[in-house]
Amino acid sequence: MSVTPKPRAAPMKTFEDITAEKIQGTNDSSITSKRSVERLYWSKQSPGSKPSRAARHVEFFRPFVEKPQRRSPVINRGYWTRMEAITRHIEDIIESSNCSKNVIINLGCGFDPYPFQYLSNHGSSSNTVFVDIDYPDLIRRKVRMLQKTKDILDIIGEQTTIDVDLKRSKNNEGVMLATPSYLAIGCDLTLLDELSDLLRTIFVESDTLYAFTAEVSITYMPKDAADNLIAWASQFQHSRFVLLEQIIPSGPDQPFAQTMLKHFNKLNTPLNSVTTYQKVSDQKERFASRGWNHVQASDLYQFYNKSITTEEKKFLDSVEAFDELEEFILFCQHYVILYASTSKTPSTLLNEDVEEFPTLKPAKESYTISSKSLNTTHKKFAAGCIYKNDSLLQNGGFTTKRTSNNVLITSDESQKYTFEKEPFKERMCHSITRLGADKYILSGGRLAPNAGLNDAWILEDNKWTKTFDLPEPRSRHDSFTSANGDVFIYGGNFKAESQWLKFDLQSGWTPLTQENAIPNLVGAAIAFNPATNSGFIFGGLKSDYFVNTRIYSFTINAGNVISNDITSKFDSAAVISLARYGAKALFTDEASVIVAGGVSEHSLILGSESLLKINLTDFSVEGNVADLIVPEGSSLPLLSGFNVDNIDSDLVVYGGGAICFSFGAYWNDLTVLSLNKNEKKSDKFIALAKTPVVLEKPVTIKADKAKPIMRGYKKVKVKPVPRVSLDSIKDFDAFMNDIYSKQTPVVIEKVNVGASLSKWKDPKYLINAVGSDRKIVAHVSDAPNLNFLAKNFEYKTLPFGEFIQNVYTPPKENAKNMYLRSLSSDKPQGKPAIFRHDFEALSADFVLPPPLAPLEDQHFSSPLRISSPKTAIWTHYDVTANILCQVVGSKKVRLYPPSDVSKLSFPAGASTSLIDNIFEFPDSALGGTKPLETTLAPGDIVFIPACWIHATLPLDVSISLNFFWKDLKPEVYGNGKKDIYGNKDIEDYENGRKTVAKLAQSFKGVPEEVRKFYLLRLVDELKESI
């Protein structure tokens, strides 16, 4: 049989075809992440690694990823671990095989290059053949790319022809590429009889080992079909199976699992097996009951700890700074790596026994959970403490970037935000602690993972003052206050000369002497009792990258710390349960300690064990401290990067959450755990933060001929934006009453905005005025249309002179499209851009006309924009009104009313459309929209109301200037919601999204068609309210 199939006319797509395409689409995202790992890690030699993990000289993923992207550190490490788990099992299976032939079959292979990597590092052998199997369409694409890649063709050897009597179908194309060491087969994995016939025709089964791998592939199949595949694979005489796929050990409501499931459901690629096989033990039983005589399984982090050496972990850290261990552990603990054999041959890479989190005896009384969405507290790794006895102070932390601002959480509605602006660097993983009666001290933290901070600041009378620096940087340290007001710090730096420090206002930080020294830990949980000057230490990370499993007590006496190892006082289940990284601990009374959250390297902490109560009278430990059945309108917190304090006998969890791998972010609402079951305690809290000043006041039209754009059989009329002359606008009140109040875009024509109209056309003038060496951050791309969601550009820091030269006179070869949206010169990530401050040398050149001049005082942001010709900017909306002033060149602006948002492919929660370039977009889905369009000439100013969707296309070198102002009341935007770009959605929308998600979840257990029926009815009711 010829390897190349005969071409046939493409049949009409069925629902199954569309489903298959969506599943294949997950391969594209996965392979991009693996390419990121290849470029970052595999280009370097890992010390002590086997050949397969040495530097790869061939870039195996390169043919399959046209435009590489660098993923975040946690995604890189997650995919590195996934690939190592599969690669090491393949090597282990081949090395332990006693058969004359080894056939390694990748089920749902996608574009994975495991065969080529192995053959490159170990060489081809007549006794080992790799077989890739996937949908025919995907295999066709893979073969096409392989045939263009000489390096890989040289590795797999010369192509051959295999004669097989095969009945072809659209789901079974058989062998599509064959060499002595590699086969590519296009076949649907549900066609098991056809696969059996094909394999038994090609290979002699009697002395052949079949090793099947399935890396996040068969979970997309219907559950019964996947189970049948597992049973089918066990019927070969010598067979092994390696499975890697998602699990949800704490159920679908656990926040990470919830985010993960939502992600795949949104892609229309649900994980069909995960709700049946939720735990590692479920997966093990799944295989044991389907013909596999020996099964080993663990979660992916257990594999990481057992099979990845400390030396290799240090190598990973040396390549890419990493401090997202909690998020990495949570990711790994939601994946199972399983090995199965029809013989008794074990895997050396996995533990024999399944390790799952111990279940402790339930608490005698449990806390009731209630929560309230306070968006300003949505930060992870912020510092926090009790403030003036009945409130909470949160500082800094990470949202989409590091922050430095204070948030006051209080139940006193008369409270005002009176804090002075923070004078220190944005940070996370720091501490803030009461110092005496009315002072608070902030210490340490970090910028990047390898950029620790050692400064300290005192907050008194709402003002910050610099104080003594720490002897060395510390982050993820513990700080607490004694009864007499002294502040102590423990841990936070493996290399610190002294683990313990004491602070006083006269001499600063003093090291404490130690009796019975304990390891210097990072991210430990300390419960401290000021009345006795003593406490306990649980968990934390040791310098060898393992979580501390010992439990310590300590007492502070003058300048001395006496510590003791008290692990033997606890039973084994309690010791395992208390060994956590990133947990918090606090006394609730003299005889009780609560340990909350964190992560365990043993296995995923179950929801019922996320809070533990320690009875100090007998050192017994209770679980089920919190009732996980939460009331309507509340949600479970993800206890990572959080703070917890005791207010009026209630536990208040504030901040925290996680970036759940590539699945999305989960931010904790303010959560109150109360022993009073009859009151939703969270409702009484509010969050106060600094808010920008906004306008209190809320908003003769000429038209050219409308021009139609064809959208299938419909015509979408693109109408011109109305134009007025400046003379028609008497003053600012006239602008507000005659233009703004109508909430429709208007162009004010031919406005004299000063010398900028002539001077800024000269690139030499701009370079001399701003400074050739001044650093700016520009969007740089090969693509002519920039897309924020696709991130088809890089943020590059360039000298201003180089940027201007590239924009005005681009090189003849390898020219890049460039776009500058200026940032604050003082604090790019923390303050809005203000043109007159950020570009003082250009300020006098630009003048707003008198009717618009009041915006100079009332606007909150004025970014300067400079772009290459024909560099289209993504379709988006701003939640703020603005005017766009064109200064140099001409620019096309397309606008759509807010009512068109549902027709323009905006993902939920995003202010940017998925449409690549709306000026060229031909899809008939734009039918029914009401676009406006204008071309701005120098001196034209267009008013763009809030939430009007728009995109821009400069026709020449373009310079323009925006003035944004927030035209709604402060409470609409949220309590101090920080928004330096003007594109964060209002708080009511964010709250509404959560309500919708909970509403959909409330139909859990209802048959699918019935669920859809009632949800559609609710949609209709919602539409009636618009």
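Author: Two strands pair if DSSP finds at least two bridges between them; strands (E, at least two residues) and helices (H or I, at least four) are DSSP runs, numbered from the N terminus. The model is predicted: local features need pLDDT of at least 70, side-chain atom pairs count only at pLDDT 80 or more, and totals for chains, interfaces and linings use all residues. Residues are numbered from 1 along each chain as its sequence is written, and side-chain values use heavy atoms, with hydrogens and water left out.

Reader: Which residue of β11 is the bridge partner of Ile386?

Author: Leu392. Strand β11 (residues 391-398) runs antiparallel to β10, and 5 bridges join them. Both belong to an open sheet of 4 strands in the order β10-β11-β12-β36.

Reader: Which are the edge strands?

Author: β10 (383-387) and β36 (686-688), each pairing on one side only.

Reader: How is the angle between α2 and α10 classed?

Author: Axes are lines fitted to C-alpha atoms, for helices over the stretch in contact, and angles run from 0 to 180 degrees between N-to-C directions. Angles under 35 degrees count as roughly parallel, over 145 as roughly antiparallel, 65 to 115 as roughly perpendicular and the rest as oblique. Helix α2 (residues 73-96) and helix α10 (residues 300-307) pack at about 70°, their axes 10 Å apart; they are therefore roughly perpendicular.

Reader: Is Cys429 buried or exposed?

Author: Buried means under 20% relative accessible area, exposed over 50%, partly exposed in between (1.4 Å probe, protein chains only). Cys429 is buried, at 5%. This residue sits in the loop between β12 (402-410) and β13 (431-435), and has a positive phi of about 60° although it is not a glycine.
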